[in-house]
Amino acid sequence: MTGPCNAGPTVAALVASYRAAAKHHGEATENGDHKEANKAAETIASAYRELRQYGTDAQREILRLITDPDPGIRLWSASHSLEFSQPEAEAELAKLANAKSLLGLSAEMTLKEWRAGRLRFQ
């Protein structure tokens, strides 16, 4: 599958970029490297915005990442999946929130903000 008008990266390439950046973000977060975490977050957001433009089927590809062994990848994929697969996403975020780590705190805050109606993905 290619992007709109056959321009841009494939869905598979976007998901691969998203996955790599989510892994990097999680590692940088746990290591306290906010500069690297912020750069990775921008890459994640960009890949997700593009996936949304490809349609719901493309967007749902990140839901497959919700079972990845890496907690940073699960955190991001579950967070974005709240928009289209809320029960599965909330369940994964709740599991992650139990971890005594920065990623666990992030999962907890993501759930809190989502349930309060203050979390939107652009």
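**Chat notes**

Q: Start with Asp68, where is Asp68 found?
A: Asp68 is in the loop between helix H3 (56–59) and helix H4 (71–81). Helices here are DSSP runs of H or I with at least four residues, strands are E runs of at least two, and both are numbered from the N terminus.

Q: Before I go on, what kind of model is this?
A: This is a predicted model, where local features need pLDDT of at least 70, side-chain atom pairs count only at pLDDT 80 or more, and totals for chains, interfaces and linings use all residues. Residues are numbered from 1 along each chain as its sequence is written, and side-chain values use heavy atoms, with hydrogens and water left out.

Q: OK, is Asp68 buried or exposed?
A: Asp68 counts as buried, at 10% relative accessibility. Buried means under 20% relative accessible area, exposed over 50%, and partly exposed in between, with a 1.4 Å probe and protein chains only.

Q: And what does Asp68 touch?
A: Not counting residues up to four places away in sequence, Asp68 touches Arg19, Ile73 and Arg74. Contact means heavy atoms within 4.5 Å.

Q: Switching topic: how many helices and strands are in the protein chain?
A: The protein chain has 6 helices and 0 strands.

Q: How do H1 and H2 pack?
A: H1 (residues 11–30) and H2 (residues 34–54) pack at about 155°, with axes 8 Å apart. The axes are lines fitted to C-alpha atoms, for helices over the stretch in contact, and angles run from 0 to 180 degrees between N-to-C directions. H1 and H2 are therefore roughly antiparallel to each other; the classes are under 35 degrees for roughly parallel, over 145 for roughly antiparallel, 65 to 115 for roughly perpendicular, and oblique for the rest.

Q: Which residues make that contact?
A: Among them are Leu14, Tyr18, Ala21 and His25 of H1, and Ala37, Ile44, Tyr48 and Leu51 of H2.

Q: Now Ala107, which helix does Ala107 lie in?
A: Ala107 lies in H6 (residues 102–115), and at 0% relative accessibility Ala107 counts as buried.

Q: What is Ala107 in contact with?
A: Leaving aside neighbours within four places in sequence, Ala107 contacts Leu75, Leu93, Leu96 and Ala97.

Q: Zooming out, how much of the chain is buried?
A: Buried residues make up 43% of the 122 residues in the protein chain.

Q: And what does the C-alpha trace span?
A: About 45 × 30 × 25 Å along the principal axes of the protein chain.
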